[in-house]
Amino acid sequence: MGSLEQQQAGVVGGGSHRIVAVDASPLPSDSTNKLHLDLQEEHNKKPGWRKFISYVGPGFMVSLAYLDPGNLETDLQAGADHRYELLWVVLIGLVFALIIQSLAANLGVSTGKHLSELCKAEYPKYVKYCLWLLAEIAVIAADIPEVIGTAFALNILFHIPLWVGVLCTGLSTLLLLSLQRYGVRKLELLIAVLVFLMAACFFGEMAYVKPPAEDVFKGMFIPKLSGKGATADAIALLGALVMPHNLFLHSALVLTRKVPNSVRGVNDACRYFLIESGFALFVAFLINVAVVSVSGTVCSNGKLSKDDLDHCSDLSLNSASFLLKNVLGKSSSTVYAIALLASGQSSTITGTYAGQYIMQGFLDLKMKKWSRNLMTRCIAITPSLIVSIIGGSSGAGRLIIIASMILSFELPFALIPLLKFSSSSTKMGPYKNSIYIIVVSWILGLGIIGINIYYLSTAFVDWLIHNNLPKAGNVLVGIVVFPLMAIYVVSVIYLMFRKDKVVTFIQPNDDSKLDNANNNNVCMTPIDNGFPHTLP
């Protein structure tokens with residue numbers, strides 16, 4: 001980092017959202033300083049478990065991106081095709097998820113700003129607006145499986161048309177988001193209840209089918225890619241686990257907590273958010289294992305009818321209910337629908353939340369919460385509503401596949417800024433990643449990005465070779481798409497190698513100086529310039 005003068009001059013976009021972290025220009029009043037000191041002293045005196053409880057919540061909201069209906073569909077198909085052999089992919093994917101989600105949380109805690117705000121501060125105007133547009137498309141793409149999954153669940157439970165279920169999902173999400181007026185903690189509690197409801201449903205299914213424990217553990221810890229399409233299914237499984245909008249969301253949710261603007265406060269918050277995210281993602285991992293295990297056990301049953309075998313060969317969120325009903329009975333199908341409803345409904349809430357933070361961070365729009373919720377929800381459900389009216393269940397299933405491809409395409413435009421900012425002293429100061437975390441996170445991140453680009457490119461080339469379009473049509477498609485692919489690759493390289501220029505880090509107060517300030521009735525400035533200000 002540069003000198004203190006450079007740091008103060010370089011801080012843009014206002015101060016951080018940590019308590020006590022304010023703009024570097026005017027000093028707060030004496031009474032404000034005293035209040036800040038009292039808050040930090042109160043925080044430091046709390047026992048560890050009470051501090052931890054105060055930080056619980058964001059991790060569970062974020063974990064829903066790994067439990068949304070798109071993930072469930074990928075899990076179901078992986079289990080049906082390969083039994084338990086791809087569970088190690090789920091394990092690796094969620095370990096990687098823990099790393100990048102902890103980076104997102106640390107970014108928010110250490111800078112006092114979330115990822116979209118930092119992108120707005122760092123990048124030129126045209127890049128900023130491109131990133132905003134891509135982030136909004138990612139939210140819409142992530143919302144498609146969530147809305148359609150909830151609509152499928154309502155169809156299974158109440159036999160209502162799919163498009164009516166889509167409308168009901170939008171309305172119910174807005175109603176549940178109204179819990180914000182009672183505080184974000186109430187909404188987080190609802191999300192946690194829905195997560196554990198999903199866990200209870202799928203664990204109940206797993207207890208009923210009794211998958212062989214030895215095979216399940218082998219699938220978790222012995223990497224294996226045997227059988228037709230195993231590599232493609234592993235890539236799809238890995239790609240479905242990492243959601244770009246989730247990185248924006250986690251870095252923003254941690255700012256809803258009162259993190260004291262002191263070295264100890266920031267360090268405590270980073271540690272507690274890591275523990276909480278680890279626990280939430282462990283629950284998500286167990287649910288994913290249960291879904292794969294149930295699907296693998298049911299579809300490997302030698303007594304399946306021809307119709308059930310057809311369901312297993314092309315398992316979707318909708319057809320899975322028929323399979324479970326035929327093999328395990330009607331109650332099993334109902335339990336599955338309840339779990340799918342909990343998954344879809346909770347995921348749509350977090351998707352809407354992510355859309356709010358993205359819009360606010362990139363564009364700095366000042367809107368009332370209800371109007372922002374309504375705008376985000378209407379934008380998100382429009383594609384699902386149109387396709388469910390025109391194409392029905394089959395069209396909705398194809399839309400989920402397209403949405404997952406869009407999310408794979410979008411990932412670099414959220415992941416690369418996160419990896420760069422969390423490793424930058426201009427953004428994180430002394431809290432930037434260690435060299436080991438930098439190496440591991442970049443290897444994993446570039447590996448995921450490379451796999452997704454390879455998968456999308458080969459899928460497109462394969463479609464170009466085997467489609468039924470006339471030769472002129474193929475040439476026209478190639479002329480349009482290949483330049484766009486070149487622009488995509490250049491954009492990713494630009495984000496990777498562009499040097500960060502804007503300083504947004506605000507130095508927390510030093511704990512020892514705060515203690516002296518308490519003892520001597522002296523308050524330091526938020527960015528310590530070496531000149532104490534004595535209270536009268």
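Start by selecting Cys168: with a relative accessibility of 33%, this cysteine counts as partly exposed. Keep in mind as you click around that the model is predicted.

Next, pick Cys270. Is Cys270 buried or exposed? Cys270 counts as buried, at 14% relative accessibility, because the cut-off for buried is under 20%.

**The disulfide**

Now select Cys299 and Cys312 together and show their side chains. Their sulfur atoms sit 2.2 Å apart, and the two residues form a disulfide. That kind of link is a covalent bond between the sulfur atoms of two cysteines. How many disulfides does the count come to? It comes to 1.

Look along the S-S bond of Cys299 and Cys312: the torsion there is about -90 degrees, so this disulfide is left-handed. Colour the helices and you'll find Cys299 in helix 14 (residues 263-299) and Cys312 in helix 15 (residues 306-313), so the pair ties together parts that are 13 residues apart in sequence.

**The largest pocket**

Time to look for empty space. Rolling a probe the size of a water molecule over the atoms shows where such space is left. The largest pocket holds about 1,100 Å³. To centre your view, select Glu73, Ile400, Ile401, Ser404 and Tyr455, which are the closest to its centre among the 41 residues that line the largest pocket.

Then bring up the helices around that spot. Those giving two or more residues to the lining of the largest pocket include helix 5 (69-82), helix 8 (125-158) and helix 12 (230-241), along with helix 16 (317-328), helix 18 (369-410) and helix 21 (435-466). Which helix gives the largest share of this lining? Helix 18 does, with 10 residues. Colour the lining of the largest pocket by class and you get 19 nonpolar, 15 polar and 7 charged residues.

**The second largest pocket**

Your last stop is the second largest pocket, with a volume of about 830 Å³. Select Phe409, Phe413, Leu484, Met485 and Tyr488: of the 25 residues lining the second largest pocket, these are the closest to its centre. Helix 8, helix 18, helix 21 and helix 22 (471-497) each give two or more residues to the lining here. Helix 22 gives the most, with 9 residues. Colour by class once again, and the lining of the second largest pocket shows 22 nonpolar, 2 polar and 1 charged residues.

Note on methods
Residues numbered from 1 in each chain as written. Predicted model: local features only at pLDDT ≥ 70, side-chain atom pairs only at ≥ 80, totals over all residues. Heavy atoms only, no water. Disulfide = S-S within 2.5 Å. Helix = DSSP H or I, 4+ residues; strand = E, 2+ residues; numbered from the N terminus. Buried < 20%, exposed > 50% of the residue type's maximum accessible area, 1.4 Å probe, protein only. 1 Å grid on protein atoms, 1.4 Å probe; cavity = no way out; pocket = protein on both sides within 12 Å on 5 of 7 lines; lining within 4 Å. Points joined across faces, edges and corners; volume = space filled by probe spheres on them. Nonpolar A, V, L, I, M, F, W, Y, C, P; charged D, E, K, R; others polar.
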